[in-house]
Amino acid sequence: MFFIDKLTDDGSSTPAGLVAAALAHALALFVAVSVGANISGGHVNPAVTFGAFVGGHITLVRSILYWIAQLLGSVVACLLLKFSTGGMTTSAFSLSSGVGAWNAVVFEIVMTFGLVYTVYATAVDPKKGNIGIIAPIAIGFIVGANILAGGAFDGASMNPAVSFGPAVVSWTWDNHWVYWLGPFIGSAIAAIVYEVFFIAPSTYEELPSADF
């Protein structure tokens with residue numbers, strides 16, 4: 001949300017700033033997933049990759065390679081941002097006043113569950129049919145909606161890579177574990193629920209090109 005702070009005088013926590021951040025994230029993720037879908041399945045989130053792994057749609061080796069690429073990409077992006085803005089602070093994710101670490105973990109579990117469930121329903125499920133066409137925009141929309149719901153409490157990460165880059169560049173690790181534990185638990189629960197209840201064994205197949 002760095003650019004929102006710059007444009008609104010540190011107003012990313014205001015209603016207008018939060019709406020702008022949610023919209024920007026939704027549009028950016030829509031594009032990122034769309035342009036990467038035919039190359040890697042559009043993986044930009046370690047938690048989503050973990051959910052795909054839990055469901056058996058991606059191998060452990062590929063998951064690790066994706067995690068490395070995602071984390072490195074986040075760090076490089078934050079370094080470029082810091083350089084291009086003349087060394088301005090790239091703030092790490094943090095908890096709002098009155099929000100405890102475990103409160104934030106629950107927020108991240110719930111929000112990431114919604115994200116990964118959407119990925120499964122629109123991109124992974126073999127029965128998705130034509131709805132797979134809207135997968136990138138559906139994924140962008142759920143992230144934008146989650147930011148509106150949880151952004152004021154803990155930043156609404158849902159993505160360990162998004163939290164990791166700013167933490168490295170600013171070297172701020174306060175409660176950083178929250179942004180790993182919550183998303184990974186939420187993604188695992190979503191993957192298990194969707195696999196058990198909605199992907200029948202007779203329709204199961206590995207989806208190397210659609211494993212968001």
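The structure, which is a predicted model, holds 1 cavity of 30 Å³ or more. The volume of this largest cavity is about 30 Å³, and its lining is formed by Ala 92, Phe 93, Ser 163, Ala 167, Thr 172, Asp 174, His 176 and Tyr 179. Sorted by class, the lining comprises 4 nonpolar, 3 polar and 1 charged residues. Rolling a probe the size of a water molecule over the atoms shows where empty space is left.

The unreviewed UniProt entry lists residues 16-37, 64-84, 104-124, 131-153 and 177-200 under "transmembrane region". Two of these listed spans may be described from the coordinates of the model. In the span 64-84, the end C-alpha atoms lie 30 Å apart, and the span is 100% helix and 0% strand. In the span 131-153, the end C-alpha atoms lie 32 Å apart, with 83% helix and 0% strand.

Although Ile 64 and Thr 49 are separated by 15 residues in sequence, their C-alpha atoms are 9.1 Å apart in space.

Thr 49 belongs to helix 3, where Pro 46, Ala 47, Val 48, Thr 49, Gly 51 and Ala 52 are buried. The elements that cover these buried residues of helix 3 include helix 4, helix 5 (101-124), helix 7 (160-170) and helix 8 (178-198). Just after helix 3, Gly 56 adopts a positive phi of about 80°.

At the other end of this helix, Asn 45 occupies the loop between helix 2 (15-36) and helix 3 (46-54). Asn 45 counts as buried because its relative accessibility is 6%, which is under the 20% limit. At the start of helix 3, a side-chain oxygen of Asn 45 reaches to within 2.8 Å of the backbone nitrogen of Ala 47, itself one of the buried residues of helix 3. When residues up to four places away in sequence are not counted, Asn 45 touches Gln 70, Leu 115, Met 158, Asn 159 and Pro 160.

Key: Residues are numbered from 1 along each chain as its sequence is written. This is a predicted model: local features need pLDDT of at least 70, side-chain atom pairs count only at pLDDT 80 or more; totals for chains, interfaces and linings use all residues. Side-chain values use heavy atoms; hydrogens and water are left out. UniProt positions are given in the numbering used here, feature names are shortened, and annotations may be inferred rather than shown by experiment. Helices (H or I, at least four residues) and strands (E, at least two) are DSSP runs, numbered from the N terminus. Buried means under 20% relative accessible area, exposed over 50%, partly exposed in between (1.4 Å probe, protein chains only). Contact means heavy atoms within 4.5 Å. On a 1 Å grid over the protein atoms alone, a cavity is a set of points where a 1.4 Å probe fits but cannot get out, and a pocket is an open set with protein on both sides within 12 Å along at least five of seven lines; lining residues have an atom within 4 Å of a point. Grid points are joined across faces, edges and corners, and a volume is the space filled by probe spheres set on the points. Ala, Val, Leu, Ile, Met, Phe, Trp, Tyr, Cys and Pro count as nonpolar, Asp, Glu, Lys and Arg as charged, and the others, Gly among them, as polar. A polar contact is a pair of N or O atoms within 3.5 Å; within protein, one must be able to donate a hydrogen and the other to accept it, and residues adjacent in sequence count only if both atoms are side-chain atoms.
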